[in-house]
Amino acid sequence: MDDEMEKSIITRLRTAGCVFAEDETRLLISEARTPDTLAAMVERREAGFPLEHIIGWADFCSIRIAVEPGVFVPRRRTEFLVHQAAALAMPGAIVVDLCCGTGAVGVALAAALGGIELHAIDIDPVSVRCARRNVTSAVGNVYEGDLYQPLPSKLRGRVDVLVANAPYVPTEAIKLLPQEAREHEARVALDGGTDGLDIQRKVATEAPLWLAPGGHLLVETSQQQAMQTVEIFARNGLIPRVANYDELDATVVIGTWPAL
C-alpha cells in the first residue's frame with residue numbers, strides 16, 4: 001500500500017464524516033486481504049456502515065470481540081459498566097448479562113475476574129449467534145429469549161451480579177442517533193420505549209427474584225435518566241447509587257439487594 005493510496009482513503013473517509021479517518025484507514029488496510037476487498041470495505045464505510053461491522057470485530061476492554069452485521073456494537077462507555085461490576089464481584093461469582101448483544105460485557109468480566117459462572121441472554125437471534133462466538137462454552141452459556149425467561153430456575157436467588165446494557169434511547173430520539181447506529185444496528189437494541197426506561201423497569205422488577213442476598217444489579221443509562229432509574233430501583237426494593245465517568249460520558253446505576 002503506497003502513501004498516496006493511504007492518503008486518498010483518509011481523505012475519502014474524512015469527507016464521509018469519519019472523525020478518526022487516519023486510524024480507520026490503518027485498520028481497514030490491515031484487515032483487507034486484497035486491493036479489491038479494501039476498495040469494497042472503504043465504499044461500505046463511506047456509505048455509513050459501522051467500522052466494526054466491516055472489519056468484523058471491536059476492541060472492548062482490550063479484548064477483540066467478534067461483531068456481525070446488524071448487531072449492536074459495544075461502546076467504549078460500556079467499559080465503565082464492566083469496571084463497576086468487576087469491583088463488586090469475586091472470582092467464581094454467578095453473573096448474568098442481560099441484553100448481551102455480542103456478549104462483550106460478560107466476556108470482559110470473565111477476563112477481569114479470572115473466571116465466573118456466566119449466563120448471557122439476548123432476544124435477538126443474530127446477536128445470540130454472535131455472542132456464542134465470543135462466549136465460548138469455557139467462558140459461559142448464551143440463551144435466546146426475553147430477559148430472564150430462558151434462565152435456569154436453579155439460579156433464582158443465587159445471582160451475585162446482574163448487568164444490563166439494556167436499550168435506553170427514547171423511541172422518538174432514535175431518529176437523532178448517528179446514521180451508523182440508526183440504520184445498521186437492530187432497533188430492539190436501541191429502543192427503550194417512550195421515555196427510554198421500559199426495559200429497565202422490566203429488569204428491575206424481576207431482579208429481586210434472581211439476586212442473591214447482597215447481590216447487585218448494574219445498568220448503563222444516561223446522566224439525564226439516572227435519577228429516574230434510581231427511583232425505579234428503589235421502588236423494587238433495591239438500594240440504589242449512581243456512578244459517573246465523565247471522560248467516557250458513562251453513567252451506571254447500581255442497585256443492591258439487601259443482605260439477609
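This note comments on a helix crossing, ring interactions and backbone angles in the predicted model above.

1. Basis. The model is predicted: local features need pLDDT of at least 70 and side-chain atom pairs count only at pLDDT 80 or more, while totals for chains, interfaces and linings use all residues. Residues are numbered from 1 along each chain as its sequence is written, and side-chain values use heavy atoms, with hydrogens and water left out.

2. Helix crossing. Helix 2 (residues 21-31) and helix 3 (residues 35-46) have axes that come within 9 Å and cross at roughly 145°. Helices (H or I, at least four residues) and strands (E, at least two) are DSSP runs, numbered from the N terminus; axes are lines fitted to C-alpha atoms, for helices over the stretch in contact, and angles run from 0 to 180 degrees between N-to-C directions. Glu 24, Leu 28, Ile 29 and Glu 31 of helix 2 meet Leu 38, Met 41, Val 42 and Arg 45 of helix 3, where contact means heavy atoms within 4.5 Å.

3. Aromatic pairs. The count comes to two aromatic pairs (rings of Phe, Tyr and Trp, the last by its six-membered ring, with centres within 6.5 Å; planes under 30 degrees apart count as stacked, over 60 as edge-to-face and the rest as tilted). Phe 80 and Tyr 245 are stacked, at 5.7 Å centre to centre and 25° between the planes. Phe 80 belongs to helix 5 (residues 78-88) and Tyr 245 to strand 8 (residues 239-245), so this pair ties together parts 165 residues apart in sequence. Phe 80 is buried, at 8% relative accessible area, whereas Tyr 245 is partly exposed, at 33% (buried is under 20%, exposed over 50%, partly exposed in between; 1.4 Å probe, protein chains only).

4. The other stacked pair. Tyr 148 and Trp 210 have ring centres 5.9 Å apart and planes at 5°, so they are stacked. Tyr 148 lies in the loop between strand 5 (140-144) and strand 6 (159-164), and Trp 210 in helix 9 (residues 198-210). Tyr 148 is buried at 2% relative accessibility, as is Trp 210 at 3%.

5. Charges over rings. Arg 44 places its charged end over the ring of Phe 49, 4.7 Å from the centre; that of Arg 64 sits over the ring of Trp 57, 3.7 Å from the centre. The criterion is NZ of Lys or CZ of Arg within 6 Å of the ring centre and within 35 degrees of the ring normal.

6. Backbone. Most residues other than glycine have a negative phi. Leu 147 has a positive phi near 50° and lies in the loop between strand 5 and strand 6. Asp 249 also has a positive phi, of about 50°, and is placed in the loop between strand 8 and strand 9 (250-256).
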